[in-house]
Amino acid sequence: MSDSTPTGQAILDRRLNAVSDDLEALRDSVGDAPPDALVAGAIGSLSLFASFVGFLLVSPLTVVAMIVFLVATGYGWIRHQALTARAVTLAMTASTITVLGLITVFIFLEAIPVFQYSSGEVFGITVPGLRMFTQTKWEPVSQPHRFSLLPMIHGTVMVTVIATLVAGPLGVAAALFISEIAPPRVREAVKPAVEILAGIPSIVYGFIGFTILSPWASDQFDIVGQGTYLFVGIVVGLMALPTVVSVAEDALNSVPESMKSGSLALGTTDWQTMTTITLPAAFSGVSAAVLLGVGRAIGETMAATVMLRNSPAIPEKVYNVFYGYETLTSLIASRYGTAHGNHMDALFAAGVVLFITVMFLSIGSQMIEARMNRKLGGEE
Amino acid sequence: MSGVTESEIYRGQTTAIEAVPAVVVGMAAVLFALALAALLELVTLTDRVAGVSMIVVLGSLLVLIGIADVAFGVGSRLELVETKPEPNAGLVAAAAFGGIWFVVGGLIGSQTLGAGLVGWLAVALLFGVAAFGLAAFTREDVGSTLPAGAFAILAGVVFLTGAIGPAWTWEPNGLRVTFFPKSIVPLVVLFAVLVAGWAAAKAYGGFGARGRHVGAHLLIYLNAGAIIAVLIGLVAFVAVKGYPAVVQGVEVGLGVGPKTTIALFGGGNTIALFGVSYTLDLLPKLSYTVVWPIDWPFLMNGAALLTEIDGVLPAIVGTVWLVIGAVLFAVPLGVGAAVFLSEYAEQGRFTQAVEIATNGLWSTPSIVFGLFGYAFLIPRFGGNKSLISGMLTLGFMLLPLVVITSREAMLSVPDEYRDASAALGVSKWQTIRSVVLPAALPGVVTGVILGVGRIAGETAPILLTMAGGTFLPGNQTVDVIGGFEFVASPPFVKNDALLQATSALPYQVYALIKALGGNQNLIENPEAFGWGLVLVLLGVVLSFYAVGIVTRYYFRKRLHG
């Protein structure tokens, strides 16, 4: 067992040492570099930053900054290719964080007005956006405007629960099949088949659902109008299934062969090995797979938009899966064209809720996967 | 060790009695297929089979299978057959049977007996606990077959005696739905057959560890088969429904098709500088005209009132340009970031932050990308929807895919390559350029192809940033190459085609669905047009995936011999 968790002071010391190490490395590399490379690098970074700022401010001078950047990079490429390559790739890496930051900032910025409009009071403190989650009326047209996200959250929860019930067990069973049970030739046929299932665009599912499935369902169950959470959930589950299968299959494959062989050598059946050795060992990876499937189901837009009724409401019986109204995603996709002002900002607020939820799920599954890699890597 | 002589290395031949559960599993498969056919309304419940109505056939087969299950359990308990049951059926089976009988009890309590909430809860609990106890506390051969067999017998008897007959309906309180026999009977039969078939498979395996192994394998094989069947069914269904519309009016022959002109700078030899046109006779005419030898109206026409056969050309061209733009934006950025992450950076907080950001971007819903494009890109490209906004939004979606797959490809290049190169005195950057990147190229290319397949089918991002017009006529096909113009003031290059709001294949499907619900008189047969359009979209996307999968398979074969 490793020693006990470090104290707060030790963590702080370690962090400070890491920072000072980084600074020293930076100082060394700057000291080693030839002066004209430093100048080109400085001009390049400044012009890149300037062109980014210019783009943000819709300035016509952005192109000028861009040209300066290209010239500086070209000069650096010809004279000091290795250094330039390192700097340019560093900038490209930073772009991923930049894009995520931009998305967060811009979505939040657009949603702020409607959060302020829908503030509520709790013990005398004004909480922005509280009324979006405490009252259930959605009225964007006639005064007084009310923007509640609760009907949409209810819809998303219903669809996601049904989709998870479909994609979770069936996906893990299919992953078990591909990684443990299938003979090699069958595996080589089934794996691409699952990937192709992942490739079918969601609007295609939506079209089939709209023209075939919804009318059939309304006829089979004598439902007024078309649109049920049940069948949208089943379709979304079918879409999330390949995600669960591929991530869970990776997790099951990473269980060391020695563990399984050892169990089989003791005379267990394949199924006993799977349930007592493989699945528990890969449990973190499999749960990360299900979490990612849930995230995919939450974010599914087009199939839900096309198959639901697109009028926000909570059914009288909250568990009624036979009537489907609106999810967070279908709200945005169906109303973007006709919404302005606070109505449009409410769509951004729905986007904020979606973004935060999926971010939590993504970070959670990454933490679980990191823990699994530590456990199975033999370092514990 | 005294136990050695008593253990069995192999079980010997399967006797006739031991083969009976296999026959029952076969019967269960036949019944499963029948019930599926009834659910899909290929047969109806009142059809006569050999003079007997379908519902009677289903019910009696179900009763037979249930009796067989009970017989296996009793036979094994009375030591008539040699089996190796465990002391109890296990927690999973007990919980499953408890749940099933809880629901059955609840339905009996509330519907048959008409009891209130407390009444049916009590009946449900009674049944559920009894089933759970039977499975958990008796020997496995009895505990895993009796509850399953009894459930199948009950369902079969209910259908046989007409308690649920062709005229039965049920309207649960407050749900505003009606359950009809045509959906309930096949669904119940399917479920009962699954449960009874599972118990029969366990009996075939002789109970115990081997029995559970056989039972579990039955369910898992069935699950995998169902998934494959759904995939094949979906693709085949779309192909069959869309084929007539797509191949309508196809002609092959020289000079039969439309003319295409590829023109740079407007195709002439005039250039506009500082607002004045200059004609330069020294420049060659930068345009080229091609007459296609094939006329494929669905893929080459637009949709307009005067067009004979409406087609989807503007949408196809839009999708092509979207993909090209997104790839040009995302691939250099993503490969560069992957190079830095795998070759230069050390495992630290920066790389961790980048990994979290990349994985987060990968999971972000596509509609959120659309909102971001609407808020960030549209104001910066003229305030209206435009092709370039759509390109960049899809590029943002493609970026994390490229980073993740390129990084994986570069990490999988063996370290020996790098070490050998360093031993020859080659610098780090030279090694990356001439050893690592070429070796990782197949993986990168495969990742890009699969990523392109994903974004080519995305609707939500382009819905908010690019999509314009419901059905575009052929002359509104966006012409990006011919749209480039030089101008004097910044930004020095202008392209009106890139700033145009145009259509793409996925958006066209969405627009068609919206039009199906309303009134439109542009397209004569919108539903057939829609199936053809969906087939084209599916064909485009799946061909990307097929190429990607084949290249990955080919390169993996080459790498591992």
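At what angle do helix 6 (residues 150-181) of chain A and helix 9 (residues 229-253) of chain A pack? Notes on that and a few other spots follow.

1. First, the ground rules. This is a predicted model, where local features need pLDDT of at least 70, side-chain atom pairs count only at pLDDT 80 or more, and totals for chains, interfaces and linings use all residues. Residues are numbered from 1 along each chain as its sequence is written, while chains are lettered from A and ligands numbered from 1 in the order in which they are written.

2. Back to the helix pair. Helix 6 and helix 9 of chain A pack at about 35 degrees, and their axes sit 5 Å apart (axes are lines fitted to C-alpha atoms, for helices over the stretch in contact, and angles run from 0 to 180 degrees between N-to-C directions). Helices here are DSSP runs of H or I with at least four residues, strands are E runs of at least two, and both are numbered from the N terminus. The crossing is right-handed, that is, the near helix is turned clockwise from the far one by less than a right angle. Their contact has 24 nonpolar, seven polar and two charged residues. Nonpolar covers Ala, Val, Leu, Ile, Met, Phe, Trp, Tyr, Cys and Pro, charged covers Asp, Glu, Lys and Arg, and polar is the others, Gly among them.

3. Now the two chains together. The contact takes 78 residues from chain B and 80 from chain A, with two residues in contact if their C-beta atoms, placed from the backbone, lie within 7 Å. On the chain B side, the largest share is 14 residues from helix 8 (residues 208-246) of chain B. That side divides into 53 nonpolar, 18 polar and seven charged residues.

4. Chain B averages a pLDDT of 85, and 93% of the residues score at least 70; pLDDT is the predictor's confidence in each residue, from 0 to 100. Within chain B, strand 5 (residues 270-273) is lowest with a mean of 60, and helix 12 (residues 366-377) is highest at 94.

5. The peptide bond from A:Gln143 to A:Pro144 is cis, with omega near -10 degrees, and A:Pro144 lies in the loop between helix 5 (131-134) and helix 6 of chain A. A:Asp222 is not a glycine, yet its phi is positive, about 55 degrees. A:Asp222 lies in the loop between helix 8 (202-220) and helix 9 of chain A.
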